[in-house]
Amino acid sequence: MRVRYSKGAFHKIMRTIKGFITVLSIMLATSFALSAQTNLTSLDGKTVNVESQTGKIVVLAIGMSWLPLSGKQSDITNALVKKYQGKNVVFYFVATDSVNPKSKNFATDEAIRKFASTNKLGIAVLRDPDGEVTVKKYDIDQMPSFVILNKSGIKAGDPFGGISTDGKYDLTIPLSKAIDKLF
């Protein structure tokens, strides 16, 4: 049995199919982008894939050098680095400062180095300009935040945020519990 369509009906069907293919292509591209490895650049120009640290737990302290709470985040990070020294835990500070001099969130590499030095960060500092990679990929809704990746490089739970400047809420406790669960 052969079905005949009018030109108008045929074109309508073809537009529908094209629309479906376009939507499917966008969904696949987005899915691929989100599942792609997370490569960031260190301040010394090396590319670091934070998800390929096989067998190690990775803790990302994601913040901005100009944000006052990132100083408190550094204190928390330093305490965790000390606690997990010698264990299979790797820490990175991810600076989401803009590289665009016209942006209000702009910071040079030198300004970020100064931030790291002032806050005694003894860990690698990576750049993610404007949070293009990490903020979207790890569903971060506040800055600064922490993200923990398990030994397979997969996000382990929700990001940790809500840093308290008054010391009433010590974020090192829930972060430590989350890290300890992954051993």
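Residues are numbered from 1 along each chain as its sequence is written, and side-chain values use heavy atoms, with hydrogens and water left out. The model is predicted, and local features need pLDDT of at least 70, side-chain atom pairs count only at pLDDT 80 or more, and totals for chains, interfaces and linings use all residues.

The chain contains five helices and six strands, where helices (H or I, at least four residues) and strands (E, at least two) are DSSP runs numbered from the N terminus. Along the sequence these elements follow the pattern α-β-β-β-α-β-α-β-α-β-α. Of the 183 residues in the chain, 39% are buried; buried means under 20% relative accessible area, exposed over 50%, and partly exposed in between (1.4 Å probe, protein chains only). Among contacts between residues at least 6 apart in sequence, 70% join residues at least 24 apart, contact meaning heavy atoms within 4.5 Å.

The six strands form an open sheet with mixed pairing, in the order 2-1-5-4-3-6; two strands pair if DSSP finds at least two bridges between them. Strand 2 (47-49) and strand 6 (145-149) stand at the edges with a single partner strand each, so one side of each is left without a neighbour in the sheet. From one strand to the next, the twist averages 35°. Angles run from 0 to 180 degrees between N-to-C directions, and axes are lines fitted to C-alpha atoms, for helices over the stretch in contact. Strand 3 (residues 57-63) pairs with strand 6 in the antiparallel sense over five bridges. Within this pairing, V59 has I148 of strand 6 as its bridge partner.

Helix 5 (residues 172-181) packs on the sheet and touches strand 3, strand 4 and strand 6. The direction of helix 5 makes about 10° with that of strand 6. Helix 3 (residues 109-118) lies across strand 4 (89-95) and strand 5 (124-127), and runs at about 145° to strand 5.

Two packed helices are described by the angle between their axes and the distance between the axes. For helix 2 (residues 68-83) and helix 5, the axes come within 10 Å and cross at roughly 40°. Helix 2 is therefore oblique to helix 5; angles under 35 degrees count as roughly parallel, over 145 as roughly antiparallel, 65 to 115 as roughly perpendicular and the rest as oblique. The crossing of helix 2 past helix 5 is right-handed, a crossing being left-handed if the near helix is turned anticlockwise from the far one by less than a right angle, and right-handed if clockwise. The contact brings I76, A79, L80 and K83 of helix 2 to T172, L175, S176 and D180 of helix 5. By class, four nonpolar, two polar and two charged residues take part in the contact of helix 2 with helix 5. Here Ala, Val, Leu, Ile, Met, Phe, Trp, Tyr, Cys and Pro count as nonpolar, Asp, Glu, Lys and Arg as charged, and the others, Gly among them, as polar.

T172 of helix 5 counts as buried at 15% relative accessibility. With its neighbours within four places in sequence left aside, T172 is in contact with I76, A79 and L80. T172 and L80 are 92 residues apart in sequence, and their C-alpha atoms are 6.9 Å apart in space.

Several loop residues were also examined. D97, in the loop between strand 4 and helix 3, is buried, with a relative accessible area of 0%. Beyond its neighbours within four places in sequence, D97 is in contact with G63, M64, S65, W66, N105, A107, I112, R127, P129 and D130. D97 and T108 are eleven residues apart in sequence and 8.4 Å apart in space, C-alpha to C-alpha.

D130, one of the contacts of D97, is found in the loop between strand 5 and helix 4. The phi of D130 is near 60°, a positive value in a residue other than glycine, and D130 is partly exposed at 41% relative accessible area. K120, in the loop between helix 3 and strand 5, likewise has a positive phi in a residue other than glycine, near 55°. K120 is exposed, with a relative accessible area of 68%.

A cis peptide bond joins M143 and P144, with omega about -10°. P144 belongs to the loop between helix 4 (134-137) and strand 6.
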